[in-house]
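Please find below some notes for a colleague who is opening this structure for the first time. They are arranged as numbered points.

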Amino acid sequence: MSKEKDDKNKDIMDEIEEAAEKVAERVAAEFIKRRQVVMEMEDEEPEEESASEDDTRIMPMIPLRGLSIFPSMVLHFDIGREKSISALEKAMVRDQIVFLAAQKDAETDLPTIDDFYRVGTIARIKQMLKLPGDSIRVLVEGISRGVIVGMVHEVPYFKSIIREIKEPEYEEVPNELEALMRTVLDTFEEYISVSQRLPLDILSSVASVEHPGRLADIVTSHLEVRTETKQKILEAFDPKERLEILGETMTNEIEILKIEQDINKKVRSKINKTQREYYLREQIRTIQEELGEDELIEDEIRDWLKQLKSLKLSEKIHKKIEKEIKRLSKIQPSSAEGGVIRTYVEWVFQLPWNVYSAKDVEIPAAESILNEDHYGLEKVKERILEYLSVMQLVESMKAPIICLVGPPGVGKTSIAKSIARAVGREFVRMSLGGVRDEAEIRGHRRTYIGAIPGRIINGMKEAGTMDPVFLFDEIDKIGNDFRGDPASALLEVLDPEQNKEFTDHYLEFPFDLSKVLFITTANTTDTIPRPLLDRMEVIEVPGYTEEEKVHIAEQFLIPKQLTEHGLTKERVHISEQTVHDIINYYTRESGVRNLERKIAGICRKSARKVVETKAERVNVTSGNIEKYLGKKIYRYDVIENETKTGVTTGLAWTIVGGTTLSIETALVPGTGQIVLTGQMGDVMKESAKAGISYIRSIAEELGVKKTFYKDDDIHIHIPEGATPKDGPSAGVTMCTAMISTLTGIPARQDVAMTGEITLRGDILPVGGIREKVLAAHRAGIRKVLLPQENERDIDEIPSNVRRKMEFVLIRHAKEAIPHVLTKKIKPAKKTVKH
């Protein structure tokens, strides 16, 4: 009874399903009719791929994951999802026709209508085979393209309304399509040769296809490209468009395959090289074992451990180096890591551990060496002799850190070499000009390939002692960038409290630099970072006077150049006056570099004269100096004992020494403007305005009309106009020049002055007194007005110059007037009102 009931229920379900299918067919037919009516109402032409009602069919649909099927293509695939199996079974019961569409995302397990492409392939099921695990393998053959125009239902399987897209038929293929077909075949042939994944006989079978669209489909089915790319070709209904997309796709794939081949070739080359190196290393190791060279390595390690014990290092450093040596014994010496460890250990043993220079240096002998090598530089010599004196009393004294600051060519670097010779120590020089990498100071960490210690540790290795004289040249020209700040790294090196434990990144343990005598040189302190400058003892190295340059030339430069040019004093004679002329008219510098070059030029021309004319003696004098050095380059003003109204003589400091300034003033009718010319800087302009304000405040005392600043224009000019000038030291000079102009009293030209002026007329101290007085002396001036507070600087002026000069110390601008103006000023008469 129960069985009869089940059969009856099954018959009822079949009838219901057949009725549902009939209803769906009627609904689909009605949908198509309505669509055509809408298109006619909108006057739209049907698209090229549109089909009639006869081209629309209802059939089961199977979504494919990561797979695309083209017409005329035979392919098998496995299905396992419940909906796909139901659709397959339904198709097998009916006409074995099924619609295959690719999923947009292969990871989606339960797709809906929005999860697969609308264009797919109508296919015929040729064979199916059930596999273990409830999956089925299906062999299908593509028939034609199809487009989903509607969905009947999605449960229990996808049942879709499909419009079939038929390929156009050609009685004769157009020439344009024929050309595209040939291009595609040529490109496909290149693709086969580059990919090396397809057999060559495929090309012959593909070439026999005469239909353009079918050719594109067959070629595409053999390409290993993404599903999205194949779908793009599948959706191209026009054969011409399909061939064009295919050609572009294959061209791109060929380029990618070529790049892949290049990468694979390089990778294989590297792998082969690594394998070859490994094989060779194994051979070397076997040969070493046969020759007993492993025993030599063990002997070397034992020697290192013995040497390490003799160095008597601190416990911490001893343990670290010992650990590295023992690591080397456990790895292959020929390996890359073995080479790094060996280099590190060798660097450690090359450092001058506990090696010091002899300390018994006699003070008189050191002083004699310093005087023998250099003339002048008394402050530097005195500081070094003080250090040596203290060293004889206190053995553990920390070495000073001296910074020599001065213009180029004054002997800062050479005096450092003389200091090393005087104290009996090794000399090491490191130029800091342009150094921007912190690793230059601290070294590279051993994690980097090719790492080495910094230049300080390298300099200590070259010196061979723990207490050399270490020169940091051009410390004012150090830089910094993204690689670090070398100036900050030098803070530890140049700090007596820290350099006892200087740590180089490569060594990774502290190294004692406290016994090193560090000397730095700079042209100016303005560009040296303040924290770094604070750690150094600054000693100014001023420029040489003319007398000092003459002495240096006669004692050092002329003998040196004569020797280098193969000459003697007997064959070439350069008179003292000639040296004066070279200094005054051919060089303008604080040092003696250009002076030495000019002397070298004279020696070269003298040597030629000796060789060509067989002259026994060449005399170079002031009369024939131009034959050797050409026309005079510079000139120096010689101040005569004359007077000029509105013109006074000032003094200025430059990088190459002092110079005189002739300040001119003029009063012209106008509207009260102040005209300043001669490339004055802002500070100098302010000094001029301050002087005018001061004159206005004492106009009655000077006998000057009070409205001069309204009725007349004041013009102040400082020759030479092409040379920039700035600074406050010309304040008193400009003030006295304006007083001379306003009062009409001439000013003496043989009196020079310098000093900063305030609105109250007070004279403030200025710098560069030594250089300024020397410039006045050179110009023939014998009377100089200086600020009262600069009295202390007079002692720095050479004694032979001091004896010839008269110094007048002033506190107020009024005190300068009697010394400059030739007449006494008559105050204006006061008008008494009754």
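1. Which helices and strands do the buried residues of α16 pack against? They pack against α14 (439-442), α15 (455-463), β9 (469-473), β10 (502-503), β12 (517-522) and α17 (530-534). Helices (H or I, at least four residues) and strands (E, at least two) are DSSP runs, numbered from the N terminus, and buried means under 20% relative accessible area with a 1.4 Å probe, protein chains only.

2. This is a predicted model, in which local features need pLDDT of at least 70 and side-chain atom pairs count only at pLDDT 80 or more, while totals for chains, interfaces and linings use all residues. Residues are numbered from 1 along each chain as its sequence is written, and side-chain values use heavy atoms, with hydrogens and water left out.

3. Helix α16 (residues 486-493) is mostly covered, with six of its eight residues buried; these are Pro 486, Ala 487, Ala 489, Leu 490, Glu 492 and Val 493.

4. Leaving aside neighbours within four places in sequence, Ile 599 is in contact (heavy atoms within 4.5 Å) with Ala 553, Leu 557, Ile 558, Gln 561 and Ile 574.

Definitions and conventions:
Buried means under 20% relative accessible area, exposed over 50%, partly exposed in between (1.4 Å probe, protein chains only).
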